[in-house]
Structure formats: structure tokens, C-alpha cells
Amino acid sequence: LRPRGSSRPGAPNAATRHQPCGQLRCIRFASGSGAAMAAAAGLRRRRTHSLVLWAALLGLLQGRCVQGLRTGSRFILISSPSTSSIYYAVLPSIYEQALAREDRVPVSPSLLINGSASKCLGSYCNENSDMGLQEPAGLAVFEGAHSHSARLYVADTKAQNIYAYDIRRLALDTLVVGSQTKVLKGVNARGIAVDSVGNLIYTQEGGQVSVVTVEQLDACMYEAKEPKPVVLLGPDASGAGGAALKAPAGIATDNFFLYLANSAGDASTGTVLKAPELLPKAKSASAEEVVTDASADAATPAPVAAPAAAGGVPAIQAIAANTDVSEAVAINLCLARDNIFFTGDTKALFAVKSRGGTIAQVTNSFKEPKGCVYDEESTVFVADQGDDAVFSLPANFANLRAYNYTTKVYQVPGPSGVALLGTRSGLVIRSSSRSSSSSPLPALAAAAAAAAVSSLLHRA
């Protein structure tokens, strides 16, 4: 900039050269080309901000137009076996998370599924009717391509079934679910997870890990076709260094690897295991190939064993091997970027890097910790069944260490499983064909977002 009356670029004129300010921002330049350029830059910033605000507003009106901009609220889903119900609540805002712990008041979540009231009663009910929920434990959510709807999977340990619900987001941060679909029958699932494609992966009491592909799940939901699970890891699966599958429970996936809580593992077999997510190509089975349990009516077809990986067995690695003489230390598990958090029968929350290494006892302040979930930003939520609450604590540890300050966020009777809804991110703009043909708002939102991003890149 060359202020008026100066002999070299950037030099202040006589009116400002001797001001005893001592700070760069206090030097005032004379009006001229520099002031005009500053005014133009301010105008561009205001226009950019206006475009971003318009894009966000239009996205809110449609609820699903702009995926890259966080236009909708994010929710936590909480299962309560003691009340046979599923609850939900909005995740804390940045302002709420910045408050001191003593200033934060625990929230009572809203009821999403009343397992007792939703059960079909009467002579007209059949095996395809809503069976309600008895002891819902594990939860998993697949959001798919539309931000206004998702699919919720619930593992009922007492009924020994896995159910599916279509879940929709309405105005004013309200969630509703559709009718219940029985995905798997006679399966005592100890842990369930969904990968980014939509495949449902679960562990069983018998000691194996199985998967139901997204194609079979869609056919079950919309065509009433019974899925046929495929075994990924059998009860006798083992790996290098003595790692072996021993009563797997909690499970998580990052689309490349499976992370398993080895509830009966020890220092030699491992308490947290890591294995590749090898999904074999399922071939269509004939009627003779479908094996059912003769002791159960219309039981889920017996899983088909997956082909072994190179070397004869899938590669299993023990990334944690801390043990307790009388209690299982790993039953529930969640993935937070490259950190694995896990709880067991103890009062502690442990963590280990996904590549293995030093095991840290993050906190020992819980009464009966159960499931945990990561909010995809900086916080992990842990359900404490003994304290009837869900707590939060930081999850973005570069180096794992102890952190004994937990915050009670939600007050829920006997929480067990937790899952998140609305955490998808990215710069991909999607809209359904129906909304695109009936309303110009998705196109307008996309254009506004594109213009805002283009302006920001131009300024950079």
C-alpha cells in the first residue's frame, strides 16, 4: 500500500508517523487507494459470509441439501435394558461443552422407542408383528445417502433378536422411528457395528463374528427376505503371537479393520484384538443349503463360513493384553480416530492406540461402565449403568494418559449401549431425485454453497 504523501510503499505519512501508539493496528493511513482496497476487501468478506449463511438457511429448509455444512443437529441414542426403551437427545453444543462442569445440568433424553408399549398384543399379531423390546443393549446406526433418514439396529439380548428401524429426523430436533423389522432371530449378539457401506457386523455368545451384507439387509427390510449371515471369524480363530478369539463382545470397525473386545482373553490371547475386515463374496444359496435350527420356529439360517485368509486363518493381532484376575477388562469397545476405548467388569475406562502399544487407564471414576461412542470431533461418551447416567470426557489424546474429570451429560435409567446420528461429514452435496424434481431449493443451496467455497478459495 502507498498512503498519500509517502515516498515509499507502506510508510506512514507525517500525520501518523509520530503517534505514540506502540501497536501496529493503531497506525492510520490516509484516505486513498489503500482505504479503497480495504473497503473492497471488507465488502467481499461480507458477501462471502452472506452466501454461507444463505446456503446454511436453504440447507435447513430442506434438511439434506448441503452435506458439507453441518446444517442439522446431531443426536445420541441410548439403550436402557431396565426400561426396555431407547432414548435420544441432542449432542451438547460448543458453548455447552465450554461451560465449567459445575455449571452443566444433566439432560433427560426424550423417548424414542417404548419397548413395552410398542409390542403387538391381541389375536391378530403374528411373527412379523412388532415384538417390542425386552432388554435392548447394543446399538448401531447406518445413515446412508440421505441426511433426513437413517437405519437403527438394536440387539435385544433377552429376546435374542436383532431388530431394525427406519429412523427419521423431523423439525425442532425431533426423531421418530418406523415399524420394527426382525433382521436376525435366535441370535444372542454381544456387540454390533455397521461399516460405512451398511454391512451389519456382530459378535455372538458362541464366540464367532458374523456379517450380514447391506444387500441382504435391504431385501429383509423391503422384501421380507430372510438374510443369511456369513462368518468372518470362527470360535477357534487365532493369529500370530498367541492371539486368539475368546468370547468376543464389543466390536468396532474403521472399514479396513475390525476391533474386538476379547472378554475371555488374557495376557497371552489378548483382551483387545484387531483383524482385517474381509468380506467374502456371498453366493446365492439354494433351499437345500439353508440350514435352520430344528428347535426354533423360523430360526435364522446358520451362517456360512468365510474363506480363510492367506496363511490358512484370518490375521488376528492382539493390541492390548491387560488382564484382571477376577474380572473381564474388555467387554465394550469404541473407536475414536486412532484410539480404542474399552470398558469391562471393572470401574475403569482403558485406552490403547489402534496400532497397539502402551495401555492407559484413562479414568477409574465409573460405577458400572458399559458402552461408549465417539462424536467424531473431540469427545467420547460413556454409559454408566450403575450411576444412571452418560458421561463425557476428551477423546483426542495424542498421547494416552489418565484423565479423571468426567462430566455427567445425560440422566438415563440404566443406560447400556450408545450410538450417534448425524455425524456424517464431507464436502459432497447430495439430494434425492424426488426433492430435486419438486423443489428448486436443493439446486439453490448447492449453487450458494459452491459460490461461497469458490469465493473463499479465490481469497486464499
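I took a disulfide to be a pair of cysteine sulfur atoms within 2.5 Å. The model I looked at is predicted.

**Entry 1. Disulfides**

I searched the whole structure for disulfides and found two.

I began with C334 and C372, whose sulfur atoms are 2.2 Å apart, and noted the pair as a disulfide. I then checked burial. C334 has a relative accessible area of 5% and is buried. C372 is buried as well, with a relative accessible area of 7%.

The other disulfide joins C120 to C125, with an S to S distance of 1.8 Å. The torsion about the S-S bond of C120 and C125 is about -85 degrees, so I wrote down left-handed here too. For burial the cut-off matters: buried means under 20% relative accessible area. C120, at 19% relative accessibility, therefore counts as buried. C125, with a relative accessible area of 23%, is partly exposed.

I also looked up C220, which is buried with a relative accessible area of 8%.

**Entry 2. Chain totals**

I counted six helices and 26 strands in the chain. Of the 460 residues in the chain, 47% are buried. The chain exposes about 22,900 Å², and carbon and sulfur atoms supply 54% of that area. I also took the contacts between residues at least 6 apart in sequence; 55% of these join residues at least 24 apart.

**Entry 3. Nonpolar cores**

In soluble globular proteins, nonpolar side chains tend to be buried together. I looked for such groups here.

The largest nonpolar core has 19 residues, and L77, L112, L152 and L175 touch the most other members. I listed the strands that each supply at least two residues of this core; among them are strand 1 (75-80), strand 3 (110-114), strand 5 (149-156) and strand 26 (418-421). Leaving aside neighbours within four places in sequence, L77 is in contact with residues including Y87, Y88, L139, V141, I167, G417, V418 and A419. L112, L152 and L175 are also among the contacts of L77.

A second, separate core has 18 residues, including L349, C372, L393 and F397. C372 also belongs to the disulfide with C334.

I traced an open sheet of four strands in the order 13-14-15-17, with antiparallel pairing. Strand 13 (248-253) and strand 17 (317-320) are the edge strands, each pairing on one side only. Neighbouring strands of this sheet are turned by 30 degrees against each other on average, direction ignored.

I looked at one pairing in detail. Strand 14 (residues 257-262) and strand 15 (residues 272-276) run antiparallel and are joined by five bridges. Y259 stands opposite K274 in strand 15.

**Entry 4. T271**

I found T271 in the loop between strand 14 and strand 15. Is T271 buried or exposed? At 1% relative accessibility, T271 counts as buried. T271 and A318 are 47 residues apart in sequence, yet their C-alpha atoms are 7.1 Å apart in space. I listed the residues that T271 touches, not counting those up to four places away in sequence; among them are L260, A261, N262, G265, D266, A320, N322 and V329.

I then went through the pairings. Strand 23 (residues 379-384) runs antiparallel to strand 24, and six bridges join them. The bridge partner of V382 in strand 24 is F391. The hairpin of strand 23 and strand 24 has four residues between the strands, and in this hairpin D388 takes a positive phi near 50 degrees. Strand 24 also pairs with strand 25 (residues 407-411), in the antiparallel sense, over four bridges. Here I found S392 opposite T407 in strand 25.

Terms used. Residues numbered from 1 in each chain as written. Predicted model: local features only at pLDDT ≥ 70, side-chain atom pairs only at ≥ 80, totals over all residues. Heavy atoms only, no water. Buried < 20%, exposed > 50% of the residue type's maximum accessible area, 1.4 Å probe, protein only. Pairing = 2+ DSSP bridges. Axes fitted to C-alpha atoms, helices over the stretch in contact; angles between N-to-C directions. Contact = heavy atoms within 4.5 Å. Areas by Shrake-Rupley, 256 points an atom, 1.4 Å probe, with all protein chains shown as cover. Core = buried A, V, L, I, M, F, W, Y, C linked by side-chain atoms within 4.5 Å.
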